[in-house]
Amino acid sequence: MLNSEYLTELYSNTKGSSYQCDATNRIIIRFGDITVSLRITDFLTFKRRVDSVDIHTMIFNTDDAYDVEIIDAPRTDQLFVLNLCDLILLRDLLAGTRFALDLNTLLHERIYNAVVY
């Protein structure tokens, strides 16, 4: 993994954490035993995939096929095998990460584009 001096923690919960790497311009997601490094476009694609899973169906369908969801991370060989609780925690982690990225972008725009009188 990369040197921690280049990593800025964006968000964490009980199952994982996310970081922004200034050296590689990537988002690093640590979730359980899995760590993936994603470009921002791949992170957004991955978030859409996770958000598109129908949690309602997972909860109320008693068929074994709905007990687990398998989602691949773009441009990696990592598969996330998620039960309902893991899926909810991963959604929380990705949503918190996206919020932190949006907030950082807004702050940089306001700070560095401020007009000096």
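Which helix or strand gives the largest share of the lining of the largest pocket? The views below are of a predicted model, where local features need pLDDT of at least 70, side-chain atom pairs count only at pLDDT 80 or more, and totals for chains, interfaces and linings use all residues. Residues are numbered from 1 along each chain as its sequence is written, and side-chain values use heavy atoms, without hydrogens and water.

**View 1. The largest pocket and its lining.** α3 gives the largest share, 4 residues. β2 (16–21), β3 (26–31) and α3 (84–112) each supply at least two lining residues. Among the lining residues are Asp22, Arg26, Leu101 and His108. The pocket holds about 260 Å³ of space. A pocket is an open set of points on a 1 Å grid where a 1.4 Å probe fits, with protein on both sides within 12 Å along at least five of seven lines; lining residues have an atom within 4 Å of a point.

**View 2. Helix α1, residues 40–51.** Its buried residues (under 20% relative accessible area, 1.4 Å probe, protein chains only) are Asp42, Phe43, Phe46, Lys47 and Val50. They sit on the same side of α1, because they cover an arc of only 140° around the axis. Their cover includes β3, β4 (34–38), β5 (69–72), β6 (79–82) and α3.

**View 3. Asn25, in the loop between β2 and β3.** Asn25 has a positive phi of about 55°, yet is not a glycine. Most residues other than glycine have a negative phi. Asn25 is exposed (over 50%), with a relative accessible area of 64%.

Note on methods: Points joined across faces, edges and corners; volume = space filled by probe spheres on them. Expected span 1.5 Å × (residues − 1). Arc of directions from axis to C-beta. Contact = heavy atoms within 4.5 Å.
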